[in-house]
Amino acid sequence: PQLANQIAAGEVVERPASVVKELLENSLDAGATKIEVDIEKGGHKRIRIKDNGSGIVKSELQLALSRHATSKITTLDDLEHILSLGFRGEALASISSVSRLTLTSRTQSQGEAWQAYCEGREMAVNIQPAAHPVGTTIDVADLFYNTPARRKFLRTEKTEFQHIEEVIKRIALSYPKVSFVLKHNDKVVKRFIADKAGSLATRIGAVVGQKFVQNAVHISTEYEGLHIDAWLGNEAMLRSSNDCQFSFVNGRGMRDKLIMHAIRQAYESVWGVVEQPSFVVYLTVNPKDVDVNVHPAKHEVRFQQGRLVHDFICKTVSDALHAMTD
Ligand code: ADP
Ligand code: MG
């Protein structure tokens, strides 16, 4: 089974940032409202994620680390109505097959925490008592230590850390009610603290910048079951940065071509050919009208009525931009 896990790891775990993404999604699925991410050496050395979610009971620690063990799908019907982020039950098994993984967790109903350690090929999991508040910490050390070919593909500490930052920004933008703290080599690098209302504007300000939220135009429009909530950078922000293009479909970060195209077209209708519009766009559609599992890793979706979605976004955004220039 370890070989199967390592092969699966090739799909799930491409680099430290993909480990961070999987672990964050698990924490969010567990209902965490506070998540700390501790990175050492761009994640080459250590990725540690601590959450205050529901935790894992002692009797399920070992199961959580085994392949196709997911607590999130119990019937086939669930498969068609996936609300939780993870559902394949592969992430922890895959990650633990290519690292030294320690899982520490405590549930509300347990007086103490328990810790499972699992190293590379040895699937034997050793479980011991530990100290930990309600919630879970997953510590992934020495990623790819036993798969040198994969390790060779890791880029510099700086590059890998930038990828991790991108993942955290995107997730933080979709969960304004959750607080995130990111540390690199023991220094706090990002602190995204939720305000009382869990407002998007506060979160966008923290992630993208106060200047952006203050100067962007905010729209919130609905049409035939489609809802768009967007912060659109103005002309002055067009060339200022190329790292502020965030789009979300039903709360999931996407880099969908159709959405990007619609927004670009809207900007071009106002300002001619533009290089980098800045925007944060949240699209809500009926889950029935969108297939989010086309390409979970590539952040693409398939809309039932692509044309309609495209034209809705394009029209709404260009109207707002035109109004801004009037
Ligand atoms: P999946 O998320 O697809 O179910 P994973 O391999 O990512 O599979 O996780 C396996 C299981 O471990 C999850 O279904 C969940 O029950 C448990 N788990 C993992 N991380 C956490 C966490 N941070 N808090 C609570 N439970 C967790
Ligand atoms: Mg998962």
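Select E160 and R15: their side chains form a salt bridge, with the closest N and O atoms 3.0 Å apart. The model is a predicted one. This pair ties together distant parts of the chain, as E160 lies in helix α7 and R15 in the loop between α1 (2-12) and α2 (16-29), 145 residues apart. Colour both by accessibility. E160 has a relative accessible area of 1% and is buried. R15, at 18%, also counts as buried, because the cut-off is under 20%.

Next, select residues 157-174 to show the whole of helix α7, which has 18 residues. From its first C-alpha to its last, α7 reaches 26 Å, close to the 26 Å expected at 1.5 Å a residue. Show the side chains of α7 and look for the buried ones, among them F161, I164, V167, I168, I171 and L173.

Move to helix α2 and select K21 and E25. Their side chains meet in a salt bridge, 3.4 Å from N to O. The two residues are four apart in α2, so about one helical turn separates them. E25 is buried, its relative accessible area being 12%.

Then select E40 and K45, whose side chains form a salt bridge at 3.1 Å, N to O. E40 is partly exposed at 25% relative accessible area, and K45 is partly exposed at 37%.

To finish, display every salt bridge; the structure holds 13.

Conventions: Residues are numbered from 1 along each chain as its sequence is written. Chains are lettered from A and ligands numbered from 1 in the order in which they are written. This is a predicted model: local features need pLDDT of at least 70, side-chain atom pairs count only at pLDDT 80 or more; totals for chains, interfaces and linings use all residues. Side-chain values use heavy atoms; hydrogens and water are left out. The expected span of a helix is 1.5 Å times one less than its number of residues. Buried means under 20% relative accessible area, exposed over 50%, partly exposed in between (1.4 Å probe, protein chains only). A salt bridge is a side-chain nitrogen of Lys or Arg within 4 Å of a carboxyl oxygen of Asp or Glu.
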